[in-house]
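Please work through the exercises below with the sequence and the 3D structure open beside you. Each task is followed by a solution that goes step by step.

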Amino acid sequence: MRGRQGREIATGRLPGASLSPPPALHTSHSRDTSRGTTHPTPRTDTAAAMQDSPITRPAAASSLGFGVGLRPVHFPVILERVAQQQLRIDWFEIISENYMVPGGRPLRILDEIRSHVPVVLHGVSMNLGSTDPLDEAYLEGLARLADRVDPPWVSDHLCWTGVDAHNLHDLLPLPYTAETVRHVADRIGRVQDRLRRQIAIENVSSYLSYTSDEMTEWEFLTAIAEEADCGILLDVNNIFVSAHNHDFDASLYVDAIPIERIYQIHLAGHSVQGPLLIDTHDHPVRAEVWKLYERVISRIGPTATLIEWDDRIPSYGVLESEALLARSLCEDLLAHGDSESPRSARSPQVGQE
Ligand SMILES: [Fe+2]
């Protein structure tokens, strides 16, 4: 696992969680359809089965396009491309905490970039799973930044990062229980009320599970999103990493997430360390993750996609080429109508080292 503040994260591994679903999985909530628009007609059997229910999500979820994480080392080249109107990607994602400051050059550059393309806020400090009180000062700063940037959405992680006022600087997994669902969904509700906007929660990679687990990770993620009426930032690389580490089928995971909840996708590179895959964000997207991404897009259609790269950061051009590859894969999938397109067979070579 990797913290987004440049820290390597300690990892461990335990056997996978129980697969038995609890009764709390199918919590229903009325949805505010004014916040979203009708999704394009689904193409697969799974998606077609959902046509009877209203499929809504923010318009930007399907129209935002392809972006990369905004990193200070790339400021000069990005500003140059903006000035020359040669920005080839559609949007950026920032680490919220890096811009929750009263002023300074990064904030001025953010304002300049934001005047040209959308910027999504992605945080690491909401500590949604903790039993500590929500950090009101943090939420106030985040609300101020969100009002300044006006992002399509704000996201953070489905995890806990500390307790008893100790920040562990880690994105730690939660026990997949009905009690945790209620606890986290309640906190998300209060965050959304405070920010006056929906947030999206991201699945983290994990290297341990709890003996108290009552459901799968994808059931847990879905139950919380439904209970809290929030979006999901689906990190496809994290799913691939966790599927390997806990020995479950990643396709079961991605096929189970409600389409209307998926606001955004993350793609990133991971590393192999002994029997484990580690979410290091320091490699190109691997071939197997591209394949899983194609499966997701085939099922849910165009979805805002972002390339994450947080360590051993390459030139901006490398990052950009990964985003453009994602665009190319999606265009081919949409043109062919399924994941068996010629591009699908070509993609595995691209993400290899
Ligand atoms: Fe991610």
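## Exercise 1: A helix and what follows it

Helix α11 is followed by G337, whose phi is positive, near 80°. The model is a predicted one, in which local features need pLDDT of at least 70 and side-chain atom pairs count only at pLDDT 80 or more, while totals for chains, interfaces and linings use all residues. Residues are numbered from 1 along each chain as its sequence is written.

Task: state what span α11 should have, and find which of its residues are buried.

Solution. Begin with the terms: helices are DSSP runs of H or I with at least four residues, strands are runs of E with at least two, and both are numbered from the N terminus. The expected span of a helix is 1.5 Å times one less than its number of residues. For the 21 residues of α11 this gives 30 Å, and because the end C-alpha atoms are 30 Å apart, the two values agree.

For burial, a residue is buried if 20 or more other C-beta atoms, placed from the backbone, lie within 10 Å of its own, exposed if 12 or fewer do, and partly exposed in between. By this rule the buried residues of α11 are L319, E320, E322, A323, L325, A326, L329, C330 and L333.

## Exercise 2: The barrel

Task: give the order in which the strands close into a barrel, and trace the pairings of β3.

Solution. Two strands pair if DSSP finds at least two bridges between them. With this rule, 8 strands close into a barrel in the order β3-β4-β5-β6-β9-β10-β11-β14, with parallel pairing. Neighbouring strands of this sheet are turned against each other by 30° on average, direction ignored; such angles are taken between N-to-C directions, from 0 to 180 degrees, using axes fitted to C-alpha atoms, for helices over the stretch in contact.

Next, take β3, residues 66-69, which is joined by 3 bridges to the parallel strand β14, residues 304-307, with G67 standing opposite L306. Strand β3 is also joined by 3 bridges to β4, residues 91-95, again in parallel, and here V68 stands opposite F92. Between β3 and β4 the chain passes through helix α3, residues 75-83, in a right-handed β-α-β crossover, where right-handed says that, with the strands pointing away from the viewer, the path from the first strand over the helix to the second runs clockwise.

## Exercise 3: Buried or exposed?

Task: classify L277, D164 and R196 as buried or exposed.

Solution. L277, found in strand β13, counts as buried because 23 C-beta neighbours lie inside 10 Å. Leaving aside neighbours within four places in sequence, L277 is in contact (C-beta atoms, placed from the backbone, within 7 Å) with V241, H244, N245, H270 and V272. The C-alpha atoms of L277 and H244 are separated by 6.9 Å, although these residues are 33 apart along the chain.

D164 lies in the loop between β7 and β8 and is exposed, because it has 7 other C-beta atoms within 10 Å. R196, in the loop between α6 and β9, is likewise exposed, with 9 other C-beta atoms within 10 Å. Each has a positive phi although it is not glycine, near 55° for D164 and near 60° for R196.

Definitions and conventions: Contact = placed C-beta atoms within 7 Å.
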